[in-house]
Amino acid sequence: MKAKKNVLIISYGYPPLNDAGAQRPYAIAKNLDKSKFNIKVIVCQNPNSVMGLNINFDPILGGVSIIKVKSYIGSNSNNFRDIVTQNTSFKSKIKSLIFKVGQKLIFPDKGMFWFPKVKAYLKENKALINNTDIIISTSPGVTNHRIAKYIKRKNKKSQWLADFRDFNYVEHWEDKNSFKAFLHKKLELSIIKEATHLSFVTQTMYTAYQKFYPKFRAKMHYIYNGFDKQDFYTKAVPVTNTNTLNFFYAGSFYNGLRSPFPLMQLLDRALQENVLSQKEIVIQIAGNLDEEMRSEMTKYKSYPCVVFLGRITRVEVIEYMSKAIFLWLIVANIKSHYQTVPIKLFEYIAARRPIINFAPNQSESSQIIKENKLGYNFETINFNLDESYSEFKKMIVDFKNGKYNESLSEDGLVTFAWEKQIDKIEKLF
């Protein structure tokens, strides 16, 4: 019988953190075969997060040890940011300015305040470095890769998977000429060169990095995000209220980069033509929404149909997903967004409700939805209300004819489950 390999996962964010970025390292830890791997995860004890904690979620897994290391600057800074944005005093403005300048100077990310603490911990626990067979670092949070690189240099026999969830220098900093851009380029190249394997969350990212770093393309792979089957209902859930066209959105609008207005324009046209009435529409939004965007939304006739749910638990989000008529997805019109796939898409897929997607046609999200017949895509880079409304009106007719009373077929959807994606990681080693 082969001896188990020791896996060390590096991730600044980890559950019970609500951030989407905390889900992938958790999924890796959960789905790696415990008969083959001993797993340890180094996480930040006081992560700086805008999404807060899911206090009802227990991140403890059998066969997984969690090592918590505190950052010099962590969650307390969240309170500071809330204060300075609400207070207009001279002192608060100075503090706000210092914070904004600090953000511009921080390299490579907020994890820089965590890095020296982790490094100190590793120096005190050299056995952890020496006994590690496989290092897995996952970003955003390039600091995670910096830590992995440090371990790899100390233990040259170890294998290192650098997992990119967002673009770093490529497609993000490469068009900038600042000194910080130069530093990102240098850091990214060192990761690309020294990692044993490189993985990306979409084919689009995979292709972009292969093109930019052709010398290292042989060690590049793409491994999608996924959904946890245990989180979702195993049987189809019939819609109970078939008279209400219910749209559900979960997540951030990224300060306006993800726009709710194309959907509201389409609904306003339907209201204007009496294809729908306000009492037939419900738009549920779970998550934060800035006041400027909320104010802009009030200008639409469909605004009275909007229900702001605020921050709700993950269990509640999944319940809303499973009962919605349409799951509303928005992908921003910038490369760093549409060349990746929101983790929310895979949860929408697991909920087995049709998706109404507002994204550039070239986005990978649009391709996945089209190829698997998961719903409707609406082009947003050159959004044409008249052309989009024709498809939207057909969708309304299908809804009224009962087409969406039942959940989508689960055929083929299992390929997007976490266990299938993490199996690809196992095969790398």
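**Close-up views of a predicted model**

With a relative accessibility of 12%, Arg352 counts as buried in this predicted model, because buried means under 20% relative accessible area.

View 1. Arg352 is located in the loop that runs between H14 and strand E12 (355-358). The phi angle of Arg352 is near 60 degrees, which is a positive value in a residue other than glycine.

View 2. Asn274 is found in the loop between H10 and strand E9 (281-286), and although Asn274 is not a glycine, its phi is positive, at about 60 degrees. Is Asn274 buried or exposed? Asn274 has a relative accessible area of 67% and is therefore exposed, the cut-off for that class being over 50%.

**View 3. The packing of helix H10 against helix H16.** Helix H10 (residues 261-272) and helix H16 (residues 385-400) pack with their axes 10 Å apart and at an angle of about 70 degrees, so that H10 is roughly perpendicular to H16, a description that covers angles from 65 to 115 degrees. The crossing of these two helices, H10 and H16, is right-handed. On the side of H10 the contact is made by Leu263, Gln265, Leu266, Leu267, Arg269 and Ala270, while H16 contributes Leu385, Asp386, Ser388, Tyr389, Phe392 and Ile396. Sorted by class, the residues in the contact of H10 with H16 comprise eight nonpolar, two polar and two charged.

**View 4. The packing of helix H12 against helix H14.** Helix H12 (residues 314-323) and helix H14 (residues 343-351) have axes 9 Å apart and pack at an angle of about 55 degrees, which means that H12 is oblique to H14. The crossing of H12 and H14 is right-handed. In this contact Arg314, Met321 and Ser322 of H12 meet Lys344, Glu347, Tyr348 and Ala351 of H14. The residues involved in the contact of H12 with H14 divide by class into three nonpolar, one polar and three charged.

View 5. Pro15 and Pro16 are joined by a cis peptide bond with omega at about 15 degrees, and Pro16 belongs to the loop between strand E1 (5-10) and helix H1 (23-31). A cis peptide bond also joins Phe107 and Pro108, where omega is about -5 degrees; Pro108 is placed in the loop between helix H3 (90-105) and helix H4 (115-124).

**View 6. Ile73 and its contacts.** Ile73 lies in the loop that connects strand E3 (64-69) and helix H2 (76-86), and at 40% relative accessibility Ile73 counts as partly exposed. Which residues does Ile73 touch, not counting those up to four places away in sequence? Ile73 touches Asn46 and Phe113. Ile73 and Phe416, by contrast, are 343 residues apart in sequence, and their C-alpha atoms are 36 Å apart in space.

View 7. The structure holds zero disulfides.

Key:
Residues are numbered from 1 along each chain as its sequence is written. This is a predicted model: local features need pLDDT of at least 70, side-chain atom pairs count only at pLDDT 80 or more; totals for chains, interfaces and linings use all residues. Side-chain values use heavy atoms; hydrogens and water are left out. A disulfide is a pair of cysteine sulfur atoms within 2.5 Å. Axes are lines fitted to C-alpha atoms, for helices over the stretch in contact, and angles run from 0 to 180 degrees between N-to-C directions. Helices (H or I, at least four residues) and strands (E, at least two) are DSSP runs, numbered from the N terminus. Angles under 35 degrees count as roughly parallel, over 145 as roughly antiparallel, 65 to 115 as roughly perpendicular and the rest as oblique. A crossing is left-handed if the near helix is turned anticlockwise from the far one by less than a right angle, and right-handed if clockwise. Contact means heavy atoms within 4.5 Å. Ala, Val, Leu, Ile, Met, Phe, Trp, Tyr, Cys and Pro count as nonpolar, Asp, Glu, Lys and Arg as charged, and the others, Gly among them, as polar. Buried means under 20% relative accessible area, exposed over 50%, partly exposed in between (1.4 Å probe, protein chains only).
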